[in-house]
Amino acid sequence: MVARPGGDAVRPIRTFLAFLGTSFRKNLAYRSEVWLSILFGLLAIVIQAAIWRALLGDGAAEGITVDDMVTYVIITTVISAVSLHRLVSDVDERLRGGDIAVDLVKPMHYPTLQLADQLGRSAFQLAFVVVPMVVIAALTFGIEAPASATAGAAFVASLAIALLVSFTQGLLLALLAFWFLTTFHFIWANGALLTLFGGANLPLWFFPDALETVARLLPYQFVAFVPAAIWLGEIAGSELAWTLALGVMWVAIQGAAGQALWSAAVHRLTVQGG
Amino acid sequence: MSIITVSHLGKDYRQIRRIDGRFGAVRTLFTRQSMTRTAVDDISFSIEPGEAVGYIGPNGAGKSTTIKMLTGILVPTRGAVEVLGVEPHRHRRRNASRIGVVFGQRSQLWWDLPVIESFELHRHVYDIPPERYRAMRDRCTELLGLGDLLQSPVRQLSLGQRMRCELAMALLHQPEILFLDEPTIGLDIEAKDRIRDFLRTVNREQGTTIILTTHDLADIEEICPRIIVINRGGLIYDGAIQSLKAQLGSQRQVTIDFEDDPGPITISQATLLSDQGRRKTFAVERSVESTLAVLSSIASSHPVQDVSFAEPAIEDVIRTLYAGLGKAVPESDELDRWSRGRVVTQ
């Protein structure tokens, strides 16, 4: 009745941004969490920086210095603060409680709605957690500038890939909940894989060759290692192009799988409760 | 042209069978055995534009399951559903843009934000032209007395206030059909009245079709001329509330105060319901003749001080129906669907 079919093409984008903005403001209600998030983020940086300082001293390993590693640690902490993996627990909670019914009676593509919601949260994290944390960390430990202008631009692209890889991965896991009605084990297993192959704790260049070859093919590296390595100029030239292309490919693969799973999920959906 | 058509609709839920006894939990984990539980079975009805229909039944009767299928968020196992000319589950989003839904037990408002933020987002999601949005928002605000509430965070609202906001939001895009799943659950009398008045107005003035599930039969009496009653997944009554009363509430209560305790009284046309000595209550056939016959036969032998009558309450009627007594009610063919009602034996 009200819908204007075939209307302007920007309408979905406006709706998306409106959703994102509302989600951002929702997160403002939890400002008290901000201080804790900043504190724990900094703590993680301090601990990891101390470990690398102990390991590397004033020297370098594989051409990587302590300063490089401090920057690396700050960037991977930032990425983990803005990544969209949290989608899994959000969807799981709504599915268990039956609140998903409320989402589904809206004329919106559910995964897109989730993306907007998660990006709203990320934007909030970026503004209120990441920026203060990076400023404090940079003043305390020092942070290196991007290796080059190209590295800086490529970093922004890799950040977008990081968000989309984590989102599509979270979506796939969340959709499994439609079949198994629980996601705990999947979240745990995926978290373990992410810790190992993401490179947040140990950069991929310190991996044994065989393991590094595997890690360089998997999607996990894009949610920690790749953006940091690009920033530092460790991934450059043709390798940079190839890495970004692989990231886009993983987004496409996971996105397509998510969409397929979503279509199937809708048809076997059991909305809980009366 | 019906706005909703449901024919032979059925929904089964599959449940993994639990195994009791030794290692039961472990065996349950590996078993492929499952049980099928039928939540909705062979339900058929159709609803015309502008109707207000109460969809009632005891807990677990399949009300919410039906509503979910009508709103496109649950896929039927059998039968067919058509809402506004399309199958809701195949065209969920298209269906969603033309209907409004209120779940009494769930909120569609953003918990941490002022109500108005949810309304604004709703405007975008449903692509409501700004002028129409403002008009509708102001109209709902006036009718439901929302006023200052729009600026309050949802979490600070009382349940009654929140439900009024939920209702307003569900109507902002001027849906053709409004589905309400227990909209008055847990509300006080005043909030219920306000919501009922509002729904009546919306139904009458805008011609919005209303489908309402509830356990509060006053909701039905005040809003819905027609009721559909289901039990254990099957349809047991579809028709006017008045004719249901006429069919099932065929007896009225007559309470007689005597000058003195007349002792036990036995009359063939009346059943003694309660005996408090001087005051006795009988159940009598509803026709004027039988009531008069009972009265005159009693008054002729015992001096009577006062007489009062009670019509069957809708609660009693529905209770009778739930109890399965509806089976005995004959179907009348002369009357049209509105006043006839259809009692289906299970």
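This is a predicted model: local features need pLDDT of at least 70, side-chain atom pairs count only at pLDDT 80 or more; totals for chains, interfaces and linings use all residues.
B:Val26 has its place in helix H1 of chain B, which covers residues 24-30. Along the chain, B:Val26 and B:Ile241 are 215 residues apart, and a distance of 51 Å separates their C-alpha atoms.

**Chain B as a whole**

Chain B contains 346 residues, of which 54% are buried. Its secondary structure consists of 12 helices and 14 strands. Of the contacts in chain B between residues at least 6 apart in sequence, 70% link residues that are at least 24 apart. The domain assignment divides chain B into domain 1, made of 4-8 + 42-245, and domain 2, made of 250-311. The centres of domain 1 and domain 2 of chain B, taken over C-alpha atoms, lie 45 Å from each other.

| Helix pair | Crossing angle | Axis distance |
|---|---|---|
| H9(B), residues 241-248, and H11(B), residues 314-322 | roughly 70° | within 10 Å |
| H4(A), residues 87-97, and H6(A), residues 110-141 | about 125° | 11 Å |

In chain B, the axes of H9(B) and H11(B) cross at roughly 70°. H9(B) is therefore roughly perpendicular to H11(B), since this term covers angles from 65 to 115 degrees. The crossing of these two helices is left-handed. On the side of H9(B), the contact is formed by B:Ile241, B:Leu244, B:Lys245 and B:Leu248, while H11(B) contributes B:Ile314, B:Val317, B:Ile318 and B:Leu321. Sorted by class, the residues of this contact are seven nonpolar, no polar and one charged.

In chain A, H4(A) and H6(A) pack at an angle of about 125°. H4(A) passes H6(A) in a right-handed crossing. The residues that make the contact are A:Leu87, A:Asp90 and A:Val91 from H4(A), together with A:Tyr110, A:Gln114 and A:Gln118 from H6(A). The classes represented in the contact of H4(A) with H6(A) are three nonpolar, two polar and one charged.

Note on methods: Residues are numbered from 1 along each chain as its sequence is written. Chains are lettered from A and ligands numbered from 1 in the order in which they are written. Side-chain values use heavy atoms; hydrogens and water are left out. Axes are lines fitted to C-alpha atoms, for helices over the stretch in contact, and angles run from 0 to 180 degrees between N-to-C directions. Helices (H or I, at least four residues) and strands (E, at least two) are DSSP runs, numbered from the N terminus. A crossing is left-handed if the near helix is turned anticlockwise from the far one by less than a right angle, and right-handed if clockwise. Contact means heavy atoms within 4.5 Å. Ala, Val, Leu, Ile, Met, Phe, Trp, Tyr, Cys and Pro count as nonpolar, Asp, Glu, Lys and Arg as charged, and the others, Gly among them, as polar. Domain bounds come from an automatic or database domain assignment. Angles under 35 degrees count as roughly parallel, over 145 as roughly antiparallel, 65 to 115 as roughly perpendicular and the rest as oblique. Buried means under 20% relative accessible area, exposed over 50%, partly exposed in between (1.4 Å probe, protein chains only).
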